[in-house]
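Hi,

Here is the structure I said I would pass on. Have a look at it first, and then read on for what turned up in it.

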Amino acid sequence: MSTVLSLQAEPRPTQGSREARRSRRAGRIPANVYGHGEGNAALLLDAHELELALAKPGNIFELKIGGKSENALIKEVQYDTFGQHVLHVDFARIDLSEEIEVEVNLELRGTPAGVTQGGNILVHHNTIWVRCIASAVPSVLEVDVSSIEIGHALHAGEIPLPAGIKLDTHKMEAETQIIGVLAPRAAEPEPGEGDEEPVEGVAEGEKAPEGDKPEGEDKGGA
Amino acid sequence: MKNMPKRFKHRKVQKGSLRGLATRGHTVAFGDFGLQSLEPGWLSARCLEAGRVAATRAAPGARVTIRIFPHKPITSIPAETRMGKGKGEPEYWAAVVKPGTVIFEVGGVTAEQAKVALNRVAHKLPVSTRMVARRTR
């Protein structure tokens, strides 16, 4: 069961990128909340409080805006280039009693049998899409992968889900592979000095004729 | 596999700009851990191949992904040549990297193995880098 995290927010009176930058410098992160038949609302969140809240598992937040509070699902978190600072957060209003579609993180438990036999684990998806009432959204889903043999895979439909939670087949088909175990690859021949030299030589040799051809063709075509 | 484009429109291109930060390709997308550039630079096809070999040797069985490709032909003029007489001949191919670009990714290994592998890769590259993990939210 997901815990509802509380966040203090205040309406954002100003808009635009310059104002957003000023807000970030002052330790306030711009955010938006939308949906449920109501208009969009531009908000400001405390950067430190938001950082602490995002570090906890859970997708549902109780936004306290002025005197009133509303429940919202986190939709998108934008980070800077180095992924260190939050730039903006999108929230979608929800009713805790309604059914919603949400992406939940998977936590793998155990070592696949195939891996102990020398196979390689291949994680295709770290999350799955589920449908459930908002108050029952799990923070994380634990998946036991210890029984996966070499050449076998765990599909989205095979993940045991708690009561009341089902796979969202519109977003993720039941046949979608989540985790697979591949047979061990044959050892790669170690490329020595001799291997790299011919590659460079071929590349250099082919550069001029390949490059000349398209240019010549272009001129001829025009 | 040759680490250069299969076909190209122009043999020689201008130097271009390395200003600014990466606006795409700055998150770990395919593996579990990545090597993120902290500086701008040109990464030659040769150093990318050296990095790939280093990573696969350091972490056998890991899925190694190279997130960048050397699209840019770099020319040079021979030594002891007088200036002028036109642009030099293509010497090698390079990938343009801006701060924040994830250059290599590894998957299917533990964090410790990934750290060793990416550290070996980092020693082959002409830019300073850091290891980053896949973001869960």
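Before anything else, a word on terms: a residue is called buried when its relative accessible area is under 20%, exposed when that value is over 50%, and partly exposed in between. Keep in mind, too, that this is a predicted model.

You'll find A:His36 in the loop between E2 and E3 of chain A. The backbone there is worth a look: phi of A:His36 is near 65°, a positive value in a residue that isn't glycine. For context, most residues other than glycine have a negative phi.

B:Lys85 sits in the loop between strand E4 (72-76) and strand E5 (89-97) of chain B. Is B:Lys85 buried or exposed? With a relative accessible area of 87%, B:Lys85 is exposed.

**Helix H2 of chain A**

Which residues of helix H2 (residues 47-55) of chain A are buried? They are A:Leu50, A:Ala53 and A:Leu54. These residues cover an arc of only 95° around the axis, so they end up on the same side of H2(A). The background is simple: an α-helix has 3.6 residues a turn, so residues three or four places apart point the same way.

As for the cover over the buried residues of H2(A), it includes strands E1 (5-11), E2 (28-35), E3 (38-46), E4 (60-65), E5 (68-79) and E6 (86-93) of chain A.

**Salt bridges**

How many salt bridges does the structure hold over all chains? The count is 14. Here are some to look up in the viewer.

- A:Glu10 and A:Arg28 meet through their side chains, at 2.4 Å from N to O. A:Glu10 is in strand E1 of chain A and A:Arg28 in strand E2 of chain A, so this pair ties together parts that are 18 residues apart in sequence. A:Glu10 is partly exposed, at a relative accessible area of 33%, and A:Arg28 is partly exposed as well, at 32%.
- A:Glu107 forms a salt bridge with A:Arg109, and their closest N and O atoms are 2.6 Å apart. A:Glu107 has 32% relative accessibility and counts as partly exposed, while A:Arg109 is partly exposed with 38%.
- B:Glu49 and B:Arg52 pair up in chain B, at 2.8 Å from N to O. Both lie in helix H1 (residues 45-58) of chain B, 3 residues apart, which is about one turn of the helix. B:Glu49 is partly exposed, with a relative accessible area of 23%, and B:Arg52 is partly exposed too, with 22%.

There is also a network of salt bridges in chain A, linking A:Glu99, A:Glu101, A:Arg131, A:Lys166 and A:Lys171.

While you're at helix H1 of chain B, look for B:Val53, which lies in that helix too. B:Val53 has 8% relative accessibility, so this residue counts as buried.

**Chain B as a whole**

Stepping back, chain B has 2 helices and 7 strands. From the N terminus on, the order is β-β-α-β-β-β-β-α-β. The C-alpha trace of chain B spans about 55 × 30 × 25 Å along its principal axes. Of its 137 residues, 43% count as buried.

Among the contacts in chain B with a separation of 6 or more, 83% are made by residues 24 or more positions apart. The accessible surface of chain B is about 7,900 Å², and carbon and sulfur atoms account for 53% of that.

What about charge in chain B? There are 26 positive and 8 negative side chains, and the centres of the two sets lie 7 Å apart.

Cheers

Key: Residues numbered from 1 in each chain as written. Chains lettered and ligands numbered in written order. Predicted model: local features only at pLDDT ≥ 70, side-chain atom pairs only at ≥ 80, totals over all residues. Heavy atoms only, no water. Helix = DSSP H or I, 4+ residues; strand = E, 2+ residues; numbered from the N terminus. Buried < 20%, exposed > 50% of the residue type's maximum accessible area, 1.4 Å probe, protein only. Contact = heavy atoms within 4.5 Å. Areas by Shrake-Rupley, 256 points an atom, 1.4 Å probe, with all protein chains shown as cover. Lys, Arg positive; Asp, Glu negative; His and termini not counted. Charge placed at Lys NZ, Arg CZ, Asp CG, Glu CD. Arc of directions from axis to C-beta. Salt bridge = Lys/Arg side-chain N within 4 Å of Asp/Glu carboxyl O.
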